[in-house]
Amino acid sequence: MTRKIVTAPDLTPPVGPFAQGVWAGDLLYASGQVGQDPVTGAMVTGGIEAETRQAFENLRRVLAAAGLGFEHVIKAHVFLVDISDFAAMNAIYGGVFAAPFPARTTVEVAKLALGARVEIDFVARRT
C-alpha cells in the first residue's frame, strides 16, 4: 500500500521522524498533537485547558490539510500526564465534537514530548 503523507503548512514541523498525517485508503491517521504554538514552537501557557484547545487547533489544521473536519473523526486517543485533568480536558473535547461522537481511549502516561500535559491523535475517514 502506498502511503500518502499529509502536512499542514501552518504547523511547526514534527519533532521527530514522523508525518503529521498519513492516508491509508480512506482512513487518515493523524499523529499526536500537543499544545505547541505553531508560530513560536513553544508550549502554550494556561494549563490543561489552554493545551487541550491548542492540541485541537493543531489537529484541526492537519484535518484541514487533508480536506477533512472534526465530523470525519472516528477514533480519538487522549494521553494525559495527570488523569485528574480528565474533567477539564473532557469539557473542551465535548465542545469540539457533536453527536454521534467518535470512539475514544483516554490514558494516563508518565511523560509527553515537550513537557506537554495532553496529547491527542485521531483516525478519520473520508466519506
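This is a predicted model: local features need pLDDT of at least 70, side-chain atom pairs count only at pLDDT 80 or more; totals for chains, interfaces and linings use all residues.

Colleague: How many helices and strands are in the chain?

Modeller: Two helices and six strands. Starting at the N terminus, the order is β-β-β-α-β-α-β-β. The radius of gyration is 14 Å, close to the 14 Å that the globule rule gives for 127 residues, so the chain is as compact as a globular protein of that length.

Colleague: And what box do the C-alpha atoms fill?

Modeller: Roughly 40 × 35 × 25 Å, along the principal axes.

Colleague: Now α1. What should its 19 residues span?

Modeller: Helix α1 covers residues 47-65. At 1.5 Å a residue it should span 27 Å, and its end C-alpha atoms are 27 Å apart, which agrees.

Colleague: Which residues of α1 are buried?

Modeller: Among them are I48, A55, F56, L59, V62 and L63. The buried set also includes E51 and R61.

Colleague: What covers them?

Modeller: The cover includes strands β1 (4-6), β2 (21-24), β3 (27-33), β4 (73-80) and β6 (118-125), plus helix α2 (86-96).

Colleague: What comes just after α1?

Modeller: G67, with a positive phi of about 80 degrees.

Colleague: How many positive and negative side chains?

Modeller: There are 11 positive and 12 negative, and the centres of the two sets lie 7 Å apart.

Key: Residues are numbered from 1 along each chain as its sequence is written. Side-chain values use heavy atoms; hydrogens and water are left out. Helices (H or I, at least four residues) and strands (E, at least two) are DSSP runs, numbered from the N terminus. The radius of gyration is taken over C-alpha atoms; the globule rule is 2.2 Å times the number of residues to the power 0.38. Lys and Arg count as positive and Asp and Glu as negative; His and the chain ends are not counted. The place of a charge is taken as NZ of Lys, CZ of Arg, CG of Asp or CD of Glu. The expected span of a helix is 1.5 Å times one less than its number of residues. Buried means under 20% relative accessible area, exposed over 50%, partly exposed in between (1.4 Å probe, protein chains only). Contact means heavy atoms within 4.5 Å.
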